[in-house]
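Please read them alongside the structure shown below.

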Amino acid sequence: MITKYYSIAFTTITFLLMNLLSAQEKTNVLVLFHSDQGGTYTLAKEIAKGIEKNGTTKATIKQVQPSNHILLKNVPVAHVDELPNYDGIAFGSPVYFGNISTPMSQFLSKTVDLWTNHLLENLPATVFMSAGSGAGNELAVQAFWNTLAVHGMVLVSNGIRGMENVDTTKPQGNTVLGTTSLASLKNSPRPSESERYLAQIQGENFAQIATALKSTRRKKNIQNSTPALIDIDKEIQAKGIILPQVPQPAGNYKPYIRSGNLIFINQVALKDGKIQYPGKIGTTVSEKQAQEATKTTMLNVLAVLKDAVGGDLNRVVQCVQLTGIFNTTDQYTQHALLMNEASNLTVDVFGEKGKHARATFGANSIPVNSVVEIQAIFEVN
Ligand SMILES: Cc1cc2nc3c(=O)[nH]c(=O)nc-3n(C[C@H](O)[C@H](O)[C@H](O)COP(=O)(O)O)c2cc1C
């Protein structure tokens, strides 16, 4: 009887270990795209289908920036730091004037640290694009390659793979460097069947190359001991930092505004619906109370920020600037001491990305008799 239980346990453990090993051995490819109208996203999904065809490669589709487009709003957003963790990256973008799109270019311009640390070297890359008429589409794919070549990535072209099965009665967007689609051709749904087919073939071939190269890259990464990615949301929980409910505006304005990649936020010392320690430092409010109110205010800022990045604080690139305004007497000079509460909290949460430029000053009064108001600017992706 006991032998039978041992045997079942042994089989179960072996099965779990094998599953674990096969999960570790799976090739992981990122399909990273930008899309305005969804054309590039459709190609990305075809590329991903091709990548997963062999059953041993996983494709993760992410975009370079959040989008409000109905097709794109639920697609996760990538962070540059995660790129070295994959075994290959398929890059997709619309053609902008024979070049890559501005958001893709902005994303790639944030990879300088990866470049100087050689983190993308020998990582396979392939490129696909959605064009309008197709003007300059081959130039555009080549322009994409320029950046990836400077990173030392292994560029995987498509050649004439699959061309024998393409419908040549219609214009098709294919290039030898990578699949493209001609989105603006009338009476012809795009990507066309042939363009989708070529995208799948590209994905399938790319998965083979990524799988072949992954063991060398993984060894190199272990030698270089790439720093593990930190999940800021988990870190916050572990540190016992609890973000409050997002305070609602008291007038005709919004809790935050996003302009480009910058988020602008202003908050006062509201806690549980009431102003914490209202009044003036040096008369009705002590320095210690003002410090507490400053921390409360910064927690409000972070709660709004979390809302602004769709609940994912890992999307914060940098705290750019904090400005602390304190309700003080004319003689007060210790504004920096108070503001350190906000600065320390920000660095505690975001590490290096939390370091910011800072201004502090005193005011005769602050709305709703708060002892402090903080203005914050964050860069996000
Ligand atoms: C600023 C800008 C420049 C563009 N330049 C070109 C171009 O040079 N050649 C081209 O064929 N299409 C060009 N287009 C059209 C886009 O490449 C095309 O609409 C593409 O399919 C959009 O992809 P999406 O559906 O993923 O947003 C341009 C579009 C914009 C917005």
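Is Arg 196 buried or exposed?

1. This is a predicted model, in which local features need pLDDT of at least 70 and side-chain atom pairs count only at pLDDT 80 or more, whereas totals for chains, interfaces and linings use all residues. Residues are numbered from 1 along each chain as its sequence is written.

2. Arg 196 belongs to helix 6 and counts as buried because 20 other C-beta atoms lie within 10 Å; the cut-off for buried is 20 or more other C-beta atoms within 10 Å of the residue's own, with C-beta atoms placed from the backbone. Leaving aside neighbours within four places in sequence, Arg 196 is in contact with Glu 46 and Pro 191, where contact requires C-beta atoms, placed from the backbone, within 7 Å. The C-alpha atoms of Arg 196 and Ala 44 are separated by 9.5 Å, although these residues are 152 residues apart along the chain.

3. The largest nonpolar core has 52 residues, of which Val 29, Val 31, Ile 47, Ile 89 and Phe 144 touch the most other members; such a core is a set of buried Ala, Val, Leu, Ile, Met, Phe, Trp, Tyr and Cys residues joined through C-beta atoms within 7 Å. Helix 6 (193–224) is among the elements that give two or more residues to this core, and its seven residues are the largest share. A second, separate core of 36 residues includes Tyr 256, Ala 269, Met 339 and Ala 376.

4. Around the ligand there are 20 residues, the closest being Asp 36, Gly 39, Thr 40, Gly 132 and Ala 183, on the criterion of a C-beta atom, placed from the backbone, within 6 Å.

Definitions and conventions:
Buried ≥ 20, exposed ≤ 12 C-beta atoms within 10 Å, placed from the backbone. Helix = DSSP H or I, 4+ residues; strand = E, 2+ residues; numbered from the N terminus. Contact = placed C-beta atoms within 7 Å.
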